[in-house]
Amino acid sequence: MKVSELVEQAGLKTFHRAGDREIRGVYISDMVSDIIGTQEGNLLLTLQTHKNLIAAANLVDVSAIIFTRGREPAEDVVALAGRADIGLFGTADDTWTLAKRLYEIGLR
Amino acid sequence: MRQADCRHKWAVANKRDGYLVIEGCFHCGGRISFFSEEPFPPREDYREGEHFWSFLGGYQATKFDLQCEHCDHLVPLDDVMALMLCTVCDPQCEVGRRAQQESGGRTWPYVALCADTSHAGGRCTSPEGIQALTEYYNSGLRGAAKKIVVVPCSLRRSPDTCQGIVLADVGLTEMY
(Lines give C-alpha, C1' and ligand atoms only; values in the text may rest on other atoms or scores of the structure.)
Protein backbone atom coordinates (compact mmCIF):
# COMPACT_ATOMS: atom_id res chain seq x y z
CA MET A 1 0.00 0.00 0.00
CA LYS A 2 1.19 3.50 -0.83
CA VAL A 3 1.38 6.23 1.78
CA SER A 4 -1.15 8.36 -0.12
CA GLU A 5 -3.71 5.53 -0.05
CA LEU A 6 -3.22 5.07 3.66
CA VAL A 7 -3.59 8.78 4.40
CA GLU A 8 -6.86 8.85 2.51
CA GLN A 9 -8.29 5.66 4.01
CA ALA A 10 -7.24 6.42 7.56
CA GLY A 11 -8.20 10.08 7.38
CA LEU A 12 -4.87 11.32 8.64
CA LYS A 13 -3.91 14.94 9.13
CA THR A 14 -1.03 16.02 6.89
CA PHE A 15 1.89 18.02 8.26
CA HIS A 16 4.22 17.34 5.35
CA ARG A 17 3.55 15.42 2.16
CA ALA A 18 6.63 13.79 0.63
CA GLY A 19 7.33 11.33 -2.17
CA ASP A 20 4.66 8.62 -2.27
CA ARG A 21 6.38 5.58 -0.77
CA GLU A 22 5.36 1.96 -0.63
CA ILE A 23 4.72 0.89 2.98
CA ARG A 24 6.67 -2.29 3.71
CA GLY A 25 5.64 -2.71 7.31
CA VAL A 26 4.71 -0.88 10.47
CA TYR A 27 6.95 -0.13 13.41
CA ILE A 28 5.82 1.41 16.70
CA SER A 29 8.44 3.05 18.90
CA ASP A 30 9.10 6.14 20.97
CA MET A 31 12.85 5.56 21.32
CA VAL A 32 15.23 6.84 18.67
CA SER A 33 17.95 4.37 19.70
CA ASP A 34 15.42 1.64 18.97
CA ILE A 35 14.24 3.08 15.66
CA ILE A 36 17.74 3.11 14.13
CA GLY A 37 17.76 -0.69 14.29
CA THR A 38 14.65 -1.12 12.12
CA GLN A 39 14.38 -1.82 8.43
CA GLU A 40 13.81 0.49 5.49
CA GLY A 41 10.27 1.25 4.32
CA ASN A 42 8.49 0.92 7.64
CA LEU A 43 5.65 3.23 8.56
CA LEU A 44 6.61 4.68 11.93
CA LEU A 45 3.96 5.29 14.61
CA THR A 46 5.17 7.41 17.50
CA LEU A 47 4.38 9.98 20.15
CA GLN A 48 7.70 11.72 19.65
CA THR A 49 7.76 14.94 17.65
CA HIS A 50 11.33 16.20 18.11
CA LYS A 51 14.08 16.55 15.52
CA ASN A 52 16.02 13.56 16.83
CA LEU A 53 13.21 11.38 15.62
CA ILE A 54 13.45 12.74 12.07
CA ALA A 55 17.22 12.21 12.10
CA ALA A 56 16.64 8.58 13.10
CA ALA A 57 13.81 8.06 10.62
CA ASN A 58 15.99 9.44 7.83
CA LEU A 59 18.76 7.01 8.68
CA VAL A 60 16.50 3.97 8.29
CA ASP A 61 14.53 5.53 5.43
CA VAL A 62 11.02 5.10 6.83
CA SER A 63 8.10 5.35 4.39
CA ALA A 64 6.35 7.96 6.57
CA ILE A 65 5.73 8.97 10.18
CA ILE A 66 2.37 9.18 11.96
CA PHE A 67 2.18 11.12 15.22
CA THR A 68 -0.51 9.78 17.51
CA ARG A 69 -2.69 11.30 20.26
CA GLY A 70 -2.88 14.63 18.52
CA ARG A 71 0.82 15.42 18.74
CA GLU A 72 1.98 18.05 16.24
CA PRO A 73 5.56 18.68 15.08
CA ALA A 74 7.20 22.10 15.33
CA GLU A 75 8.20 24.05 12.22
CA ASP A 76 11.87 23.09 12.39
CA VAL A 77 10.90 19.42 12.62
CA VAL A 78 8.70 19.72 9.53
CA ALA A 79 11.53 21.54 7.74
CA LEU A 80 14.00 18.74 8.49
CA ALA A 81 11.46 16.16 7.33
CA GLY A 82 11.11 18.18 4.15
CA ARG A 83 14.85 18.02 3.52
CA ALA A 84 14.76 14.29 4.18
CA ASP A 85 11.66 13.79 2.03
CA ILE A 86 9.75 12.10 4.83
CA GLY A 87 5.97 12.42 5.00
CA LEU A 88 4.56 13.54 8.36
CA PHE A 89 0.99 12.77 9.35
CA GLY A 90 -1.09 12.81 12.50
CA THR A 91 -4.13 11.44 14.21
CA ALA A 92 -6.01 12.15 17.41
CA ASP A 93 -6.19 8.41 18.09
CA ASP A 94 -3.84 6.71 20.54
CA THR A 95 -1.24 4.38 19.07
CA TRP A 96 -3.14 1.18 19.84
CA THR A 97 -6.34 2.43 18.22
CA LEU A 98 -4.42 3.54 15.14
CA ALA A 99 -2.60 0.20 14.95
CA LYS A 100 -5.91 -1.67 14.94
CA ARG A 101 -7.25 0.63 12.24
CA LEU A 102 -4.15 0.13 10.07
CA TYR A 103 -4.61 -3.63 10.37
CA GLU A 104 -8.25 -3.34 9.35
CA ILE A 105 -7.21 -1.24 6.36
CA GLY A 106 -4.92 -4.03 5.28
CA LEU A 107 -1.42 -3.19 6.47
CA ARG A 108 0.61 -6.16 7.69
CA MET B 1 31.89 -18.45 2.29
CA ARG B 2 35.23 -16.95 3.33
CA GLN B 3 34.82 -13.60 5.05
CA ALA B 4 37.49 -12.00 2.91
CA ASP B 5 35.58 -12.83 -0.29
CA CYS B 6 32.16 -11.95 1.04
CA ARG B 7 30.14 -8.96 -0.11
CA HIS B 8 28.55 -8.53 3.26
CA LYS B 9 24.83 -8.11 3.71
CA TRP B 10 24.50 -6.66 7.19
CA ALA B 11 21.65 -7.27 9.56
CA VAL B 12 21.03 -6.15 13.12
CA ALA B 13 22.19 -8.71 15.69
CA ASN B 14 22.43 -8.94 19.48
CA LYS B 15 19.92 -6.17 20.08
CA ARG B 16 20.02 -5.29 23.75
CA ASP B 17 18.34 -2.80 26.04
CA GLY B 18 19.94 -0.87 28.85
CA TYR B 19 21.09 2.55 29.90
CA LEU B 20 23.61 4.91 28.41
CA VAL B 21 25.41 6.46 31.38
CA ILE B 22 27.47 9.66 31.11
CA GLU B 23 30.14 10.54 33.66
CA GLY B 24 32.37 13.56 34.03
CA CYS B 25 35.70 14.14 35.80
CA PHE B 26 35.80 17.40 37.76
CA HIS B 27 39.59 17.15 37.80
CA CYS B 28 40.30 17.15 34.06
CA GLY B 29 36.86 18.10 32.68
CA GLY B 30 36.75 14.94 30.60
CA ARG B 31 33.57 13.08 29.81
CA ILE B 32 33.02 9.40 29.24
CA SER B 33 29.98 7.27 28.61
CA PHE B 34 29.19 3.59 28.80
CA PHE B 35 26.32 1.26 28.16
CA SER B 36 24.96 -0.67 31.11
CA GLU B 37 22.58 -3.61 30.93
CA GLU B 38 22.10 -3.61 34.69
CA PRO B 39 18.56 -2.95 35.95
CA PHE B 40 19.96 -0.14 38.10
CA PRO B 41 23.10 1.32 36.51
CA PRO B 42 25.79 2.63 38.87
CA ARG B 43 25.57 6.28 39.91
CA GLU B 44 28.30 6.42 42.56
CA ASP B 45 31.38 8.63 42.26
CA TYR B 46 34.68 6.77 41.97
CA ARG B 47 38.36 7.40 41.39
CA GLU B 48 40.26 5.95 38.44
CA GLY B 49 43.91 6.98 38.37
CA GLU B 50 43.91 10.78 38.16
CA HIS B 51 40.23 10.93 37.28
CA PHE B 52 37.32 11.46 39.67
CA TRP B 53 34.26 10.30 37.79
CA SER B 54 30.82 11.57 38.76
CA PHE B 55 27.45 10.67 37.33
CA LEU B 56 26.17 13.35 34.92
CA GLY B 57 23.16 11.67 33.42
CA GLY B 58 21.76 8.54 31.91
CA TYR B 59 18.86 7.39 29.83
CA GLN B 60 17.42 4.28 28.28
CA ALA B 61 19.04 3.11 25.09
CA THR B 62 19.02 0.21 22.71
CA LYS B 63 22.25 -1.12 21.26
CA PHE B 64 22.99 -3.67 18.59
CA ASP B 65 25.76 -5.26 16.54
CA LEU B 66 25.85 -6.01 12.82
CA GLN B 67 26.19 -9.51 11.41
CA CYS B 68 26.58 -10.59 7.80
CA GLU B 69 23.73 -12.78 6.57
CA HIS B 70 26.06 -14.46 4.06
CA CYS B 71 29.20 -15.32 6.03
CA ASP B 72 28.03 -14.77 9.66
CA HIS B 73 30.85 -12.31 10.31
CA LEU B 74 29.94 -10.30 13.40
CA VAL B 75 30.97 -6.68 13.87
CA PRO B 76 30.53 -5.66 17.52
CA LEU B 77 29.44 -2.07 17.97
CA ASP B 78 30.22 -1.87 21.68
CA ASP B 79 32.34 1.22 21.07
CA VAL B 80 29.47 3.14 19.43
CA MET B 81 27.51 4.97 22.11
CA ALA B 82 25.15 6.78 19.75
CA LEU B 83 24.86 8.17 16.23
CA MET B 84 24.55 11.87 15.50
CA LEU B 85 23.28 13.66 12.42
CA CYS B 86 25.76 16.35 11.39
CA THR B 87 24.13 19.71 10.67
CA VAL B 88 27.28 21.07 8.99
CA CYS B 89 27.35 23.88 11.54
CA ASP B 90 31.09 24.54 11.33
CA PRO B 91 32.89 25.03 7.99
CA GLN B 92 36.18 24.14 9.71
CA CYS B 93 34.88 20.79 10.94
CA GLU B 94 36.14 17.73 9.11
CA VAL B 95 32.79 15.95 9.37
CA GLY B 96 31.01 18.60 7.32
CA ARG B 97 33.90 18.71 4.87
CA ARG B 98 33.69 14.97 4.29
CA ALA B 99 30.00 15.27 3.56
CA GLN B 100 30.50 18.11 1.11
CA GLN B 101 33.19 16.14 -0.71
CA GLU B 102 30.60 13.52 -1.55
CA SER B 103 28.85 13.99 -4.87
CA GLY B 104 25.31 15.34 -4.96
CA GLY B 105 23.37 17.31 -2.43
CA ARG B 106 21.63 14.44 -0.69
CA THR B 107 24.49 13.08 1.37
CA TRP B 108 23.63 12.76 5.05
CA PRO B 109 26.65 12.66 7.38
CA TYR B 110 26.15 10.73 10.60
CA VAL B 111 28.81 10.67 13.31
CA ALA B 112 29.39 7.53 15.38
CA LEU B 113 30.01 8.80 18.91
CA CYS B 114 32.48 6.81 20.96
CA ALA B 115 32.69 6.50 24.74
CA ASP B 116 35.59 8.91 25.17
CA THR B 117 34.38 12.30 23.96
CA SER B 118 37.73 13.95 24.57
CA HIS B 119 39.67 11.08 22.91
CA ALA B 120 42.24 11.37 25.65
CA GLY B 121 43.00 7.68 25.29
CA GLY B 122 43.62 8.04 21.56
CA ARG B 123 40.83 5.66 20.66
CA CYS B 124 37.59 6.14 18.77
CA THR B 125 35.04 3.93 17.04
CA SER B 126 36.59 1.07 15.05
CA PRO B 127 37.06 1.49 11.27
CA GLU B 128 35.35 -1.86 10.74
CA GLY B 129 32.30 -0.69 12.69
CA ILE B 130 32.19 2.57 10.75
CA GLN B 131 32.34 0.73 7.44
CA ALA B 132 29.70 -1.81 8.47
CA LEU B 133 27.33 0.94 9.67
CA THR B 134 27.79 2.85 6.42
CA GLU B 135 27.12 -0.25 4.34
CA TYR B 136 24.13 -1.28 6.46
CA TYR B 137 22.32 2.04 6.29
CA ASN B 138 23.03 2.58 2.60
CA SER B 139 21.80 -0.90 1.74
CA GLY B 140 18.36 0.05 3.03
CA LEU B 141 17.97 3.25 1.01
CA ARG B 142 15.26 3.43 -1.62
CA GLY B 143 17.33 5.04 -4.36
CA ALA B 144 20.77 6.14 -5.42
CA ALA B 145 19.97 9.82 -4.91
CA LYS B 146 20.40 9.59 -1.17
CA LYS B 147 23.56 8.54 0.59
CA ILE B 148 24.47 7.97 4.23
CA VAL B 149 28.05 8.59 5.33
CA VAL B 150 29.03 7.40 8.81
CA VAL B 151 32.26 8.84 10.22
CA PRO B 152 34.06 8.53 13.58
CA CYS B 153 33.60 11.30 16.14
CA SER B 154 37.36 11.90 16.23
CA LEU B 155 36.78 13.96 13.06
CA ARG B 156 34.67 16.46 14.95
CA ARG B 157 36.38 19.80 15.47
CA SER B 158 34.84 20.40 18.87
CA PRO B 159 32.33 18.41 20.91
CA ASP B 160 31.55 21.57 22.88
CA THR B 161 30.37 23.66 19.94
CA CYS B 162 28.99 20.86 17.78
CA GLN B 163 25.28 21.36 16.96
CA GLY B 164 24.63 17.86 15.61
CA ILE B 165 21.39 16.05 16.38
CA VAL B 166 22.22 13.12 18.63
CA LEU B 167 20.09 10.04 18.11
CA ALA B 168 19.71 9.28 21.78
CA ASP B 169 16.73 9.31 24.07
CA VAL B 170 17.95 12.19 26.19
CA GLY B 171 15.12 13.62 28.25
CA LEU B 172 12.65 11.02 27.12
CA THR B 173 13.80 8.09 29.17
CA GLU B 174 16.14 9.49 31.75
CA MET B 175 17.12 7.36 34.69
CA TYR B 176 15.00 7.91 37.75
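Which residues point one way from strand E6 (residues 82-85) of chain B, and which the other way? I looked this up to begin with: Ala82(B) and Met84(B) are on one side, Leu83(B) and Leu85(B) on the other, and all are buried. Buried is under 20% relative accessible area, exposed over 50%, and partly exposed in between, with a 1.4 Å probe and protein chains only.

**Ground rules.** This is a predicted model, in which local features need pLDDT of at least 70 and side-chain atom pairs count only at pLDDT 80 or more, while totals for chains, interfaces and linings use all residues. Residues are numbered from 1 along each chain as its sequence is written, chains are lettered from A and ligands numbered from 1 in the order in which they are written, and side-chain values use heavy atoms, with hydrogens and water left out.

**The sheet around E6(B).** I noted that strands (E, at least two residues) and helices (H or I, at least four) are DSSP runs numbered from the N terminus. Two strands pair if DSSP finds at least two bridges between them. I then followed E6(B) to strand E7 (residues 107-113) of chain B: the two run antiparallel and are joined by four bridges. Here Leu83(B) has Ala112(B) as its bridge partner in E7(B). E6(B) also pairs with strand E9 (residues 165-166) of chain B, again antiparallel, over two bridges. In E9(B), Val166(B) stands opposite Met84(B). The whole is an open sheet of four strands in the order E8-E7-E6-E9 (chain B), with mixed pairing. Its edge strands are strand E8 (147-152) and E9 of chain B, each pairing on one side only.

**Two positive phi values.** I kept in mind that most residues other than glycine have a negative phi. Asp72(B) has a positive phi, near 70 degrees. I found Asp72(B) in the loop between strand E4 (51-68) and strand E5 (74-75) of chain B. Is Asp72(B) buried or exposed? Asp72(B) counts as exposed because its relative accessibility is 53%. Val88(B) also has a positive phi, near 50 degrees. Val88(B) sits in the loop between E6 and helix H1 (94-101) of chain B. At 37% relative accessibility, Val88(B) is partly exposed.

**Over to chain A.** Where is Asp20(A)? I found Asp20(A) in the loop between strand E1 (13-16) and strand E2 (25-28) of chain A. Asp20(A) is partly exposed, with a relative accessible area of 38%.
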